[in-house]
Structure formats: C-alpha cells, structure tokens
Amino acid sequence: RWFMKTLKNVIKATIIILILLIGYFIYSGYSMYKNALNKVSINKMVSAIKLKDNYTKLEDISVTYKNAVVATEDHRFYKHGGIDLTSILRAFLTDIKTLSFKEGGSTITQQLSKNIYFTQDKKIERKIAEVFMAMDIEKKYSKNEILELYLNTSYYGNGYYSIKEATLGYFNKLPSNLSDKESVSLAGIFSAPSYYNPNYNAKINTKRKKIVVSKMIKYGYLDSNKAIELLK
C-alpha cells in the first residue's frame, strides 16, 4: 500500500511538473512571437523583403525547382494551415529515440517565420514562436505567396540568401532558366546548405539529388522515366 501510494504521488507530481513546463514554454514562445511582431509587423516585413534587388517572383522560378522544394521540404504544404501535426509528432518521436533535438518537423511556413523573424538556435520556445507566427502568416498570404517569400529568404550556402543569388552563384543562370537537373540539385540543400551545395562535393550532392528525386516520384511530381533522365 505504501509503495502504491508513493508511486501515485510521484506520478501526480511528474504530471504537474510536465504541465508547468509545457505552460512555461508556450508562454515563452508566445511572448517571443508577440515581441517580434511588436518590433515589425508581418506586412511591413514582407514589403521590405519584396523591395530587395534580388527578389524573384514565383512565376520567374523554374517549375521543376518549385515542385522539388515542396516535395522535399513540406509535401503537405498545400494542405495544412501552417503547421503539420503529423510531421511534428514524427519529429518528436525521433528526437526522443535519439535523445536529441535534431528533427523539427517544420513546415515551409514555419521555416519562413524563422528566416524573417527568429534565430537559427534550436530552442523549444523558438519553435513555439514559429508556430504562432506561421499561423498568422497563413491567414494573411496565399500558399504561392508564402512559397515565393520562402525561396527569397532562405540560405543556400556559399553566402547566398535568395534563390536568385543561388542560381547566379552556382549556375550563372536566372531562376527561370534552371535546367531540371540543376533544379533538383539545388532543391536538396536546405537541410545543410554548406554541406550539400553543388560546389562543395559533387558526390554528396548527387546522393542528395537521388533523395529529392525519390520524393518527387513518391508525391506525384515525377514519373520514373523522367527521374532516370534527371539522375544521368
């Protein structure tokens, strides 16, 4: 009896501590989100980004590249409202198994939030702030506008911070002129830009390109015949 009573008390105390911790992180994340908005509103931030010289409209970016990015980074992008609970749960379980905080389960909208408002530090409260910001962004902008902003604010390695800088730097081409092979090559670098970039290691980039192509097949952006061509 004593043991069972003690065990129940320990379980209750643990649950209370977990609830308090969750509440603390949600409050901290929400505060981070509100503080960011108080400094610069989303509309002002987006307007400033669109005024940059290297800003590229979505219609001026290779279709294959856009498809490759969505397939690789967030294949449910056009279906969710800014956060993907399935991906978050999968990432959470992976982090528990590996005892790390490597998997984020971030959507393209969350990554855009991080790009324009937050640091790259892997902190729980920052991830929560991203969620609040992502839901706000989804209310204000269409999916194509969000994708356009994401491609213009992401880091591509080698000091390139927009799609136009990356295509000119790596291939000496404008985003609209990328070949399908170049599009697939560039789409795979987001998870580790300096490691996967086309100028760093051709073998590593080729391996990554195979993963991108396999995801494009899986999510209906490519057929197997076209995939073989891209990997030649």
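Trainee: Are Tyr160 and Tyr170 buried or exposed?
Mentor: Tyr160 is buried and so is Tyr170, where buried means under 20% relative accessible area, exposed over 50% and partly exposed in between, with a 1.4 Å probe and protein chains only. This is a predicted model, in which local features need pLDDT of at least 70 and side-chain atom pairs count only at pLDDT 80 or more, while totals for chains, interfaces and linings use all residues. Residues are numbered from 1 along each chain as its sequence is written, and side-chain values use heavy atoms, with hydrogens and water left out.

Trainee: Why does Tyr155 count as partly exposed?
Mentor: Its relative accessibility is 28%, so Tyr155 counts as partly exposed.

Trainee: What makes the pair of Tyr160 and Tyr170 edge-to-face?
Mentor: Rings of Phe, Tyr and Trp (its six-membered ring) pair if their centres lie within 6.5 Å, and planes under 30 degrees apart count as stacked, over 60 as edge-to-face and the rest as tilted. The centres of Tyr160 and Tyr170 are 5.0 Å apart with the planes at 90°, so the pair is edge-to-face.

Trainee: How many aromatic pairs does this rule give?
Mentor: The count comes to 12; one of them joins Tyr155 and Tyr161, at 4.5 Å centre to centre with 35° between the planes, and is tilted.

Trainee: What lies over the ring of Phe77?
Mentor: The charged end of Lys143 does, 4.6 Å from the ring centre, and a charge sits over a ring if NZ of Lys or CZ of Arg is within 6 Å of the centre and within 35 degrees of the ring normal. Arg208 likewise lies over the face of Tyr196, at 5.1 Å.
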